[in-house]
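Subject: Structure handover

Hello,

Here is the structure I said I would pass on. Please open it first, and then read the notes below it.

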Amino acid sequence: MTIHTGQPVTSPVAEVDKGIFWPSLITISILLISMILFEDSAKVVIKSMFDFITNQLGFVYIWAGALCLSVVAWLSLGKYGDIRLGGADARPEFGRMSWIAMFFCSGIGTALIYWAAIEWTYYYESPPFGLEAKSQAAADYSAMYGMFHWGPIGWAFYCLTAFPIGYAYYNRGTKGLRLSSACAGIIGEKNANGVIGKVIDITVLFGLLGATATTLASGTPMLAEAVSRMFGVAHTFGVDVAVVCVWTAIFISSVVLGLKKGIKVLSDINLVAVLLLCFIVFVGGPTFYLLNQFTDSFGLMLAEFARMTFYTDPVGKSMFPQWWTIFYWAWWVAYGPYMGIFIARVSKGRTFREIGLTVTLAGSAGCMLFFMLFGNNMMHAEMNGLFPVLETMKNESPAAAILGVLMQMPMEWLLLPLFVFVGFVYTGTTVDSSAYVMSTIASKQLQDGQEPVVYNRLFWALMLGTTALVVMNIGGLETVKTASIVVGLPLVFLMGIAVMSLLRWLKEDQPHLQRASQRQASSGPEAAAEPAVGIEARPLPQA
Ligand code: NM2
C-alpha cells in the first residue's frame with residue numbers, strides 16, 4: 001500500500017533528500033557493522049540499554065499508554081468527535097470493511113500469529129502479580145494477558161498521530177503527510193520545514209527500522225521452522241536467512257520493481273488464506289473450549305484493566321511489566337507515527353469519532369480473535385496432554401511447539417502450506433509499506449504522482465532485511481526487544497508534541513466548539529447540543 005502526498009507533478013521521481021538519506025545511511029551502516037564486528041560488546045551494550053530503559057524509564061511508557069488511550073477516547077467521544085478529516089463535506093474514499101482490513105493488515109503481520117500462539121507460555125511459567133507459576137490463576141491470567149498487550153492501548157498508539165497528521169494535511173492544507181508537519185502547531189512551520197523537522201522525520205524512520213526489525217526477527221524462526229518441515233530439512237540459521245531473503249524479494253518486487261498490482265492480488269489471497277487458517281483452527285480445534293476460555297479471559301481483562309495499565313511491580317521486581325508490557329508499548333510506539341501516516345491517508349472523510357473508535361475497537365477485536373484461536377488451542381493441547389508445548393519450547397524452540405500443535409490438527413496437509421504462504425505474504429506485504437514510507441521520508445518533498453528514486457527504495461528494502469538478520473544473529477529475545485524499546489522512547493515525546501499541536505489548531509479553528517463548551521459549563525448540557533461543523537481546508541497561519 002503506497003502513500004502519496006497531494007502536490008502537482010513536476011518529475012516522475014523525487015530525488016533523495018541528501019540531508020536525510022546520507023546521514024541515515026552512514027549511521028545505520030556504522031551501527032550494523034559494529035554490531036557484527038564487536039558482537040560481544042554489542043550484546044553488553046544492548047543488555048544495559050534494555051535494563052536502563054525498562055527499569056528506570058519504564059514508567060514513561062506506562063504513562064504514555066494510559067494517556068494515549070485517554071486522549072484517543074476524548075478525541076472520539078468529546079466535543080471534537082464530529083470533526084471530519086477533509087472538512088464537513090468530505091466523504092470516505094474506501095468502504096468501511098476495506099478500510100478496516102487496510103489498517104489492520106498494514107499494522108499487523110505474522111508476528112501476531114507467533115505471539116498469539118505462545119505468549120501465554122511465558123506468563124504461565126513466570127506469572128504477574130506474584131501468582132504461583134503454573135497454577136490455575138497463572139493459567140487464567142496467561143490466557144488473558146496477551147489480549148491486553150494487543151488490545152486498546154496498543155491500537156490507541158497506532159491511531160493517535162493519525163489525528164494531528166490527518167488534520168494538518170486535509171483540514172489545514174499542510175504539504176506532506178509527515179510527523180514533522182503535524183508538530184508545526186507547537187514548533188512553528190519554519191522549524192517543521194527546517195532542521196528540527198528533519199530530525200523528527202529521521203526519528204520516525206529509525207523507529208520504523210527498529211519496529212520492523214522486531215517484527216521480522218520474531219516472525220522468522222517460526223516461518224523457517226514451517227519451511228524446514230515442509231521441505232524435510234533441518235532448521236538451521238541458513239533457513240532463517242533464506243526466509244528473510246524471500247521477504248526482502250517481496251518488498252523489492254513491490255517497492256522497487258513496482259509490481260504493486262501483483263502484490264495487491266497476493267495480499268488479497270493472503271487475507272482469504274488467513275481467514276481459512278483461522279477457520280480450520282476454530283472448527284478443527286476444541287471449538288467450545290476456545291469460546292469458553294476467551295469469554296473468561298475477556299471478563300478478567302475488563303476486571304483487571306486499570307491494574308494492568310499501571311503495573312510496574314517495584315517491590316516484587318518480577319520484571320513482568322518491564323519484560324512484557326513496556327516492551328509491547330515500545331513496539332507499538334515505534335510503529336506509531338508510521339501507522340498514523342497510514343491511517344490518516346486512508347481515513348479522509350471520516351470523523352474523529354469513527355477513526356478513534358473503529359481503530360481501537362476493531363483493531364483489538366481482530367487481535368483477540370487470534371489469541372482466542374491460536375493461544376487457547378495451544379493451551380488446550382498442553383493442559384490436556386495432547387502435545388507437550390512447554391517441554392518442546394524448552395528443548396527445541398517456540399516455533400517447533402507452534403508447528404507441533406498445528407500438525408496434530410485435522411487437515412494438517414493443508415495447514416502447513418497455508419501457514420507457509422501466510423507467513424511469507426502477510427509480513428512481506430506489510431513490510432513493503434514500511435520500506436516505501438522510509439524512502440519517502442528520505443526523499444525531497446514528494447509531489448502527487450511522484451515516486452522516490454529507485455536506489456532510495458532499493459536501499460530501504462535491503463536495509464530492513466539486513467537489520468533483521470543482524471539483530472537475529474546477535475541473539476536472543478532481548479536484542480530483538482531492545483530494537484523497539486530504544487527507538488520508541490523519543491517518539492513518545494514527539495507524539496505528545498503532535499497532539500499538543502492538534503489541540504492548539506482545534507482551539508484556533510473551532511471557536512464555536514470552544515464557546516459551546518464554555519456555555520455548557522455555565523448553563524447546562526442543552527447549550528452544547530449545537531451541531532459540530534467540519535472545517536474547510538485552509539492555509540497554515542504564519543509561525
Ligand atoms: N505490534 C502490533 O507483525 C506484526 O504483527 C507487527 C506488532 C506492534 C505489536 C506488529
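Val437 is a residue of helix α20, which covers residues 412-441. Please keep in mind that this is a predicted model. Val437 counts as buried, because its relative accessibility is 4% and the cut-off for buried is under 20%. In the sequence, Val437 and Leu208 are 229 residues apart, yet their C-alpha atoms are 9.0 Å apart in space.

The side chain of Asn456 makes a polar contact, at 2.9 Å, with the side chain of Trp460.

Next, the ligand. Which residues are around the ligand? They are Gly107, Ile108, Gly109, Thr110, Ala111, Leu112, Trp150, Tyr158, Thr215, Trp331, Trp332 and Tyr335. A polar backbone atom of Gly109 is 2.8 Å from an oxygen atom of the ligand, and a backbone N or O atom of Ala111 lies 3.3 Å from an oxygen atom of the ligand. Taken alone, the ligand exposes 320 Å², and the protein buries 99% of that. Helices α5 (110-125) and α16 (320-346) are the elements that give two or more residues to the shell around the ligand. By type, the shell holds eight nonpolar residues, four polar ones and no charged ones.

Last, the largest pocket. Its volume is about 550 Å³. How many residues line the largest pocket? The lining has 25 residues, and Leu31, Met35, Met49, Ala483 and Val486 lie nearest the centre of the pocket. At least two lining residues come from each of α1 (18-37), α2 (39-56), α12 (195-231), α21 (454-473) and α22 (476-509). The lining divides into 17 nonpolar residues, eight polar residues and no charged residues.

Regards

How values were computed. Residues numbered from 1 in each chain as written. Predicted model: local features only at pLDDT ≥ 70, side-chain atom pairs only at ≥ 80, totals over all residues. Heavy atoms only, no water. 1 Å grid on protein atoms, 1.4 Å probe; cavity = no way out; pocket = protein on both sides within 12 Å on 5 of 7 lines; lining within 4 Å. Points joined across faces, edges and corners; volume = space filled by probe spheres on them. Helix = DSSP H or I, 4+ residues; strand = E, 2+ residues; numbered from the N terminus. Nonpolar A, V, L, I, M, F, W, Y, C, P; charged D, E, K, R; others polar. Near = heavy atom within 4 Å. Polar contact = N/O pair within 3.5 Å; in protein donor to acceptor, adjacent residues only side chain to side chain. Areas by Shrake-Rupley, 256 points an atom, 1.4 Å probe, with all protein chains shown as cover. Buried < 20%, exposed > 50% of the residue type's maximum accessible area, 1.4 Å probe, protein only.
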